Amino acid sequence: MNILHYSPGLRPGSISQLAADLAAGLQDAGFSNTVVSPANELVGALTSAQVEHRMARRSVSILSIRGVLKRLRNYILGQRADIVFAYGPNATRLALLAQHGIPESQRPKLVSVLTGFPQHILRSRSLPHCDAVVAIVRFLRQEINRFYTLPENCGVWSIPYGVHEEHCHPLYQPTAEWQAHWQNAHPIAAGTLTLCVPCPLTDIHGLHHLPELITLLLRQGITPQVYLAGDTNAGDRRYQEKLRHQFEESGVEQYITWLGLRRDLRDVLCNCHLTLSLSSAPASHDRAVLEALALGRPVIGFDHGAVGEMLSTFLPEGRVKPGDIHAVADTIVQWVALRPDTVSAVPYPYRFSDTIRSFSELCTALMPVQRL
């Protein structure tokens, strides 16, 4: 079975990396895979996994769309694709348009893989024309079913994007060299409680709650050190400056360390006592929270969206009513006294082997008899 993955936004370290991971995993499972994406750091890994790569534009304008569609159509025909996985609403719309010039007997099945809610009405119009829609969390599937009426032949599958359990598991520990470097770079006093808040530095991720949370912990005799792991070169600079000013005005700036974007986030998560998720809006995915839970680290997060789903499976007592900072502080105080029991192994369906198995089942359901 030939599968073509179309991801104009493919880049490492993001949710769109799912296209590369999935292509390599399905290749190992016996499928033939081709990834159509811009050139980037992931291409070498695709080649090592014997996955073919074809070039695509990173952005599409009105002037370039005819050429983009022609090239994508040629890729589909040249690879004799049985199934096209289109990652995101934009890719789905372009893949659907590209198929218009293909005879029906040669037209592949189209699967839209959604990692976020398709809010633009023009982009979401493509969904009813797909053969299947994949949502990477149950919350997203529920939202799609709530807002869209899809035909009976277009099922919505919920398939979480799991972690590679050979790299992310409860027994994992950073190397001694890494730990020594971390301690030299970030020395703290004995008895300090270390908290990691891994998220984009934008206003929906609840970072404005940190002064109140730190104050509540200090009143309980707990000295926290909060590590913000997020790209300071991305997002709204004015918001970040506003946040820094808020920390200074509240007198908590000495308890907060700005780490910036970390390629070693897995090690940082392991080295902190707790991980926090304070997003004010239900997220469709939170890779950092999933990795922290898979590493067996305690996580406290607001009980909505993907974070609430993951906590309900890994650590139900880590769920807190959205916006209730006093409950977050109370949970931290309880866990300082008695650390909660965390998982001893990554549970189903959050292993990447589970992801591959579910996508394989989807492919088989779409193509029970392969075309000649």
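**Sheet, flanking helices and salt bridges**

Strand E1 (residues 2-6) and strand E4 (residues 83-87) run parallel and are joined by four bridges, and within this pairing Ile3 of E1 has Ile83 as its bridge partner in E4. The model in which these features are described is a predicted one. Both strands belong to an open sheet of seven strands, arranged in the order E3-E2-E1-E4-E5-E6-E7 with parallel pairing. From one strand to the next, the twist averages 20°.

Two helices that lie across this sheet may be considered in turn. Helix H6 (residues 138-147) lies across strand E5 (109-114), strand E6 (132-135) and E7, and its direction makes an angle of about 160° with that of E7. Helix H14 (residues 352-366) lies across E1, E4, E5, E6 and E7, running at about 130° to E4.

Helix H14 also packs with helix H1 (residues 18-28), at an angle of about 75° and with the two axes 10 Å apart; because angles of 65 to 115 degrees count as roughly perpendicular, H1 and H14 are described as roughly perpendicular to each other. In this contact, Asp21, Leu22, Gly25 and Leu26 of H1 meet Phe352, Ile356, Phe359 and Ser360 of H14, a set that comprises five nonpolar, two polar and one charged residues.

The structure holds seven salt bridges, among them one between the side chains of Asp354 and Arg351, with an N to O distance of 2.8 Å. Asp354 has a relative accessibility of 2% and therefore counts as buried, whereas Arg351, at 28%, counts as partly exposed. Through salt bridges that share partners, Arg351, Asp354 and Arg357 are joined into one network.

A further salt bridge links the side chains of Glu143 and Arg146, at 3.1 Å from N to O; both residues lie in helix H6, three residues apart, or about one turn of the helix. Glu143, with a relative accessibility of 17%, counts as buried, while Arg146, with 57%, counts as exposed. In helix H11 (residues 287-294), Glu291 and Arg287 are four residues apart and so are separated by about one helical turn. These residues likewise form a salt bridge, in which the closest N and O atoms are 3.8 Å apart, and Arg287 counts as partly exposed at 22% relative accessibility.

How values were computed:
Residues numbered from 1 in each chain as written. Predicted model: local features only at pLDDT ≥ 70, side-chain atom pairs only at ≥ 80, totals over all residues. Heavy atoms only, no water. Pairing = 2+ DSSP bridges. Axes fitted to C-alpha atoms, helices over the stretch in contact; angles between N-to-C directions. Contact = heavy atoms within 4.5 Å. Parallel < 35°, antiparallel > 145°, perpendicular 65-115°, else oblique. Nonpolar A, V, L, I, M, F, W, Y, C, P; charged D, E, K, R; others polar. Salt bridge = Lys/Arg side-chain N within 4 Å of Asp/Glu carboxyl O. Buried < 20%, exposed > 50% of the residue type's maximum accessible area, 1.4 Å probe, protein only.
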